[in-house]
Amino acid sequence: MDEEQIREFSEKLSERIASLEDRNDKLLETARRVEGEKRYVETELIRLQKEIKRLKQELDRLKSPPLIIGNVRDILADGRVVVKSSTGPDFIVNAADYIAKENLLVGARVALNKQTLAVMGVLPPSYDPIVTGAEIIEKPDATYSEIGGLDQQILELKEAVEDPLLKPDLYRKVGIEPPKGVLLVGPPGTGKTLLAKAVANRTKASFIRFVGSELVQKYIGEGARLVRELFELARKKAPSIVFIDELDSVGAKRLEVATSGDREVQRTLMQLLAELDGFNPLGDVKIIGATNRPDILDDALLRPGRFDRIIEIPVPSYEGRLSILRIHTRKMSLTPDVDFEAVAQRTDGATGADLKAMCTEAGMFAIREDRDSVTTADFELAVDKVLGESRIRHETASGAMYA
Ligand SMILES: Nc1ncnc2c1ncn2[C@@H]1O[C@H](COP(=O)(O)OP(=O)(O)OP(=O)(O)O)[C@@H](O)[C@H]1O
Ligand SMILES: [Mg+2]
């Protein structure tokens, strides 16, 4: 082999080596890719298997026969249970092993197998959605500082509601029973609801609010049941405060002549009285009622031991009006000439709600004229407007009608 041939040969060889290395790289690359794909497919497989399992379970759940709801009537010595289903007769049945025996009590609501009526589970007691809806989870944002002219009333409410909840021992030592229920009475718009909301905000107790008219139901016995469930919830959530607004709608005097609707309202009232009697005044459930018609309330409600502390919420005095005006103008921009004292002087007899309306109206007058602050003239107009409106309200209330 001469030199020429050797060179040619080695050139070819190195070319070949290069191409093989190239090819090797590509194959390695492919191998890596395929390896990756394999791993992906494997995880996908596991995911899908889980999905299948989940769907199968879901299918089983959907195909499982319905359970019947019943109530436990009695527990027999041998562990069997007497249940009453909604369908009629009582049955003696067995209970599933996994049910905790301490939950299986007489009166408990249970789920029963459809065929054998065996007890499959214990359900939580049912409350009417109206009742559970009455519990306030978020605290209302009203505070005592937003209430003007009612310092004395705030103090009384604190003594009657907050202190017995916070310092029951003190009452025990002194040897008196704190009031059980507090009734806020006063004309419309004087801040009764506001006051109750402020209490809710202040205390750490759970607050259960109800409007009296919600307790008046269509069917016989429904209202009484709601009252019972309401107080049951209050006891369960203790320490708690039950607030019944517009109490007069359930608490009106009982009359001799009554329609069946009246009788249903009276039944609700009687249940309310019974619940009020059932409370220990030093216990941790307090009751606040509010009404603007104390004159029509049934005397039984006002008896000591029930709503025995009556806090009167008066129409604000001159000083009261002044501080209410200051509260409602806190966030308003006013020109320096605005004279609250003059406004307060002119508005004898106006309620907190009227005064609030005046502040809003004054602001409206300013906006109407494209100004960004409120002047004394705006307040003059607003006072005229609101006082005029309340005069119309009073006249129509006393019989005058629009032609
Ligand atoms: N003393 C007050 N201080 C500040 N604002 C008040 C006061 N009284 C009433 N208001 C204003 O009037 C509004 C209405 O008051 P609220 O709803 O508390 O009246 P009420 O006494 O419950 O009336 P009703 O008997 O008609 O239910 C409140 O939201 C508040 O803005
Ligand atoms: Mg109210």
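User: How do the residues of the shell around ligand 1 divide into nonpolar, polar and charged?
Analyst: The model is predicted: local features need pLDDT of at least 70, side-chain atom pairs count only at pLDDT 80 or more, and totals for chains, interfaces and linings use all residues. Residues are numbered from 1 along each chain as its sequence is written, while chains are lettered from A and ligands numbered from 1 in the order in which they are written. Ala, Val, Leu, Ile, Met, Phe, Trp, Tyr, Cys and Pro count as nonpolar, Asp, Glu, Lys and Arg as charged, and the others, Gly among them, as polar. On this basis, the shell comprises seven nonpolar, nine polar and three charged residues.

User: Which elements give two or more residues to the shell around ligand 1?
Analyst: The shell holds 19 residues, the closest being P188, G191, K192, T193 and G352; a residue is near if its C-beta atom, placed from the backbone, lies within 6 Å. Helices (H or I, at least four residues) and strands (E, at least two) are DSSP runs, numbered from the N terminus. The elements that contribute two or more residues are helix 5 (192-202), helix 10 (318-328) and helix 12 (352-368).

User: Between which domains does ligand 1 lie?
Analyst: An automatic or database domain assignment divides the chain into domain 1 (24-64), domain 2 (68-123), domain 3 (131-312) and domain 4 (318-397). Two of these supply residues to the shell, so ligand 1 lies between domain 3 and domain 4.

User: How are helix 10 and helix 12 oriented to each other?
Analyst: Their axes, lines fitted to C-alpha atoms over the stretch in contact, with angles from 0 to 180 degrees between N-to-C directions, come within 9 Å and cross at roughly 45°. The crossing is right-handed, the near helix being turned clockwise from the far one by less than a right angle. Angles under 35 degrees count as roughly parallel, over 145 as roughly antiparallel, 65 to 115 as roughly perpendicular and the rest as oblique. Helix 10 and helix 12 are therefore oblique.

User: Which strands stand at the edges of the open sheet of five strands?
Analyst: The sheet has the order 3-2-1-4-5 with antiparallel pairing, where two strands pair if DSSP finds at least two bridges between them. One side of each edge strand is left without a neighbour in the sheet, because each has a single partner strand; the edges are strand 3 (90-93) and strand 5.

User: Which residue stands opposite A111 in strand 5?
Analyst: Strand 4 (residues 109-112) and strand 5 (residues 119-123) run antiparallel and are joined by four bridges. Their hairpin has six residues between the strands, and L117 there takes a positive phi near 60°. Opposite A111 stands G121.
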